[in-house]
Amino acid sequence: MPADGGIGAATPRREDVRFLTGDGNYTDDINVRGQAYVHFLRSDVAHGTLDKIDTQAAAAMPGVLRIFTGADFEGVGGIPCGWQVTDKHGEPMQEPAHPVLAQGKVRHVGDPIAAVVAETAAEARDAAEAIEVEISDLPAVTDMKAALEDGAPKVHDDLSSNLCFDWGFVEENKAAVDAAIESAAHVTTLELVNQRLVANPMEPRVAVGDYSRAGDEHTLYTTSQNPHVIRLLMGAFVLGIPEHKLKVVAPDVGGGFGSKIYHYAEEAFVTFAAKALNRPVKWTSSRSEAFLSDAQGRDHVTKIELALDADNNFTAIRTETYANMGAYLSTFAPCVPTYLHGTLMAGNYKTPNIYVNVKAVFTNTVPVDAYRGAGRPEATFQLERVIDKAARELGVDPIALRRQNFVTEFPYATPVAVEYDTGDYTATMDKLEEIADLAGFEARRKESEKKGLLRGLGVNCYIEACGIAPSALVGALGARAGLYDAATVRVNATGSISVMVGAHSHGQGHETAFPQVVAEMLGIDAAQIDIVHGDTSKIPFGMGTYGSRSLAVCGSAMVKATEKIIAKARKIAAHLMEAAEADIEFKDGQFTVAGTDKSVAWGDVTLAAYVPHNYPLDEIEPGLEETAFYDPANFTYPAGAYACEVELDPETGKVTVARFAAADDFGNIINPMIVDGQVHGGIAQGIGQALLEHCVYDENGQLLTGSYMDYAMPRADDLPFYSVDHSCQTPCTHNPLGVKGCGEAGAIGSPPAVINAVVDALQSGGHNVTHIDMPASPARVWQAMQG
Amino acid sequence: MSQVSMTVNGKPASGEIEGRTLLVDFLRETLGLTGTHVGCDTSQCGACVVHVDGRDVKACAVFAAECDGAEVVTIEGMAAPDGTLSAVQQAFQDHHGLQCGFCTPGMVMSAAALLDQNPNPSEAEIRDYLEGNICRCTGYHNIVKAILAASGQDVSKIAAE
């Protein structure tokens, strides 16, 4: 291993020093000379006809440069959707137009109506308040089932209804599933809500558009998880700018959790306006604006049925889910409740018959898209809750019921179209029982009871599909993009290396972990290697970071490119030592002729590549730089088992997480410290969903939770220390690193553990509560105890 | 517009401001000290915490004009002049107390203020003190651990990292 950390080392993060000293370079820290500022006037009603926009008085306000409305964007493309779902009848989903600025109607609170560009941000804001807007209110729909009733107000007048699609998966399974449920010894049914959440990365979105008239060149600085995706979507579908005239830069980005994947109207606006005004234009979202304009997450209403035979083997699962799309289709919205959700309904269990139905619905709310886990938390929550409920109904131990039904042989083809390559669910459950000290639970429960508190234990498993791929498969499923990634390894003359990657780091520590891989492969110090990311003019075309894909997909591309480097370097070394290439051994940064003491160092070879005085120019080119694109053969399937213990105060209904343990199988691990951190953060978001967070609209479509005063973010005093372990490792079989991805596991695996624990606590207190919807707030828990 | 003068990270700083200019905007926009961040607009998230006359203050909740004559320290003033990190900063790196880094300046400034007041805080005291600093990445585990470590306490017994 390299002295400063190769694969498996808990190397401290090199990016930390700039973040700890105020030297980060976030998008709002970027100020382009001469920039103007835009403020968006947003709809304060959820649904209405835009009758009049009078900008005359506002345009005369100090500092105002120009006011844009929807009329300025006629003939300009709308915000595109990147995934087309085909419904159960073989018809394409209904896909409404999504203008950059509202045209004719407003469809959710926060829909942008006008954009004021002024010399200062304060002047733009002041002028926006002077715009006179007349809107005729229309009835709004926020409830999905109400939105599908005959005569419901239509969010989009040109669509036949508010139904985006009615999807069956796998439609051919349906008859067998119905029959299996009909003939089952026991069927457990559960109706539940997976509530709407807001991703809330701590850095609000920012976009700066710049334009050079001389070269007709555009630059967009934006808070994105995937700058090439933004360049493609905005350039090709919205503004008609060819790639070589459009640079997208996503510098340090302060968290994303999915919400910064998508192409947003504000990005297109600043790019458009910078050219129209021939001035840089900057937009910085306030947090209030973020609540009204960042794509939100989850928002499913589900009925799940689990059928078991007389020996408690799972025989069938049938689900019906309503998935809220909001008012427009965000970039990947249609794939979240379908291919990221239906494909995971087998979980860790060998259930032979599964059918998933999803009705995606338009409502007068902020668009919904992927949020950490994206479809997989929704699948896991249903499945792991219904299994717990079944165990109670049958009077069996919930852990034993899970163990009995585990998939134990791999590869395993599920009835929902995916094939798990590897896993060991018994091992992670064993590990969980150890690290969570489940044997000591009853003693801890007695201690809690002495304090007048109820204590509950919740255990569950999860599986996820990460590194979303292969391109041919996702294309067949409706993706309008490939899902490969790319890396360029540029070796410099003195042996130092820049690796340009398509993945984007916004908290994941790529700048530290990726060099560990290359350093290990080359046997040189990681300090000699830097990662370049986030700038389309510097990096190869990659698809960015989401879905726990960076190391599994982009890391694999980096390995492939490094392998090409090594292959070429061996040829150079062979030439330098006048030996046959087949005799060259490469270890610890030294090329040696096998069986001799002849060797040349890494730096000798790299120098020769760039100063090719003694060089096999008739065989190979000078220089040492290679690019690889990598398109995975399959998803990866991280899995694990989680345990939560809660204390519940029966006087108030307040639930406190007393202990939390997670045993994960992520395959091979590059940097265990970073992996631990990813799991911690995911768990906190999952506990947040289970106990605190809830994005609420009233019946008129007004957002009631539009700030941190109303939307309960998890804080330090809401959470315990976590016990996490990833020593169970079944390496992925189809990528060169054997890695599976760890970014979302915590958020996927933790909500059912918490709710299972809450139900257990209530039952221990003699309350016949079989389910409680999230968030299990004191009010809800107290109410449940009264029933 | 009016003139405001203060000492920021030990150096005199002044500028023309509007009455409504917040301290955080003065630091970021006028002085170019972009280490102090704005994460919300309701004084909840704590990404903008700085020290004013020795006290930790949310810079989004103070007018720049109120700080006329004050001693202000921002995240840029926490490391030694040669770049050596302060004990709190170093502990955050050693214990992976940050991921995206956006809340980090406020976390470091709050943690430093806590340790000034209470050099040996308990886990519960740390969690309570950080109630006004939101982090979305770390789940707080490694932040709390880093602050315990920065105070010289043994963190080796804390549940697996």
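**Domain layout**

In this predicted model, the domain assignment divides chain A into domain 1 (16-23 + 484-630), domain 2 (31-138 + 202-255 + 260-293) and domain 3 (297-469 + 634-786).

**Contact between domains 2 and 3 of chain A**

- The C-alpha centres of domain 2 of chain A and domain 3 of chain A are 36 Å apart, and the contact takes 23 residues from domain 2 of chain A and 23 residues from domain 3 of chain A.
- On the side of domain 2 of chain A that touches domain 3 of chain A, helix α8 (residues 287-293) of chain A supplies the largest share, four residues.
- The residues on that side of domain 2 of chain A comprise twelve nonpolar, eight polar and three charged.

**Nonpolar core**

- The largest nonpolar core holds 315 residues, and those with the most contacts inside it are A:V38, A:V116, A:M558 and A:V758.
- Helix α15 (residues 550-576) of chain A provides the largest share of this core, 13 residues.
- Leaving aside residues up to four places away in sequence, A:V38 touches several residues, among them A:V116, A:F269 and A:W283.

**Strands β20 and β21 of chain A**

- Strand β20 (residues 497-501) of chain A runs parallel to β21(A), and four bridges join the two; the bridge partner of A:V499 in β21(A) is A:I531.
- From β20(A) the chain passes through helix α14 (residues 510-522) of chain A to β21(A), a β-α-β crossover that is right-handed.

Conventions. Residues numbered from 1 in each chain as written. Chains lettered and ligands numbered in written order. Predicted model: local features only at pLDDT ≥ 70, side-chain atom pairs only at ≥ 80, totals over all residues. Core = buried A, V, L, I, M, F, W, Y, C linked by C-beta atoms within 7 Å. Buried ≥ 20, exposed ≤ 12 C-beta atoms within 10 Å, placed from the backbone. Contact = placed C-beta atoms within 7 Å. Pairing = 2+ DSSP bridges. Right-handed = clockwise from strand over helix to strand, strands pointing away. Domains from an automatic or database assignment. Nonpolar A, V, L, I, M, F, W, Y, C, P; charged D, E, K, R; others polar.
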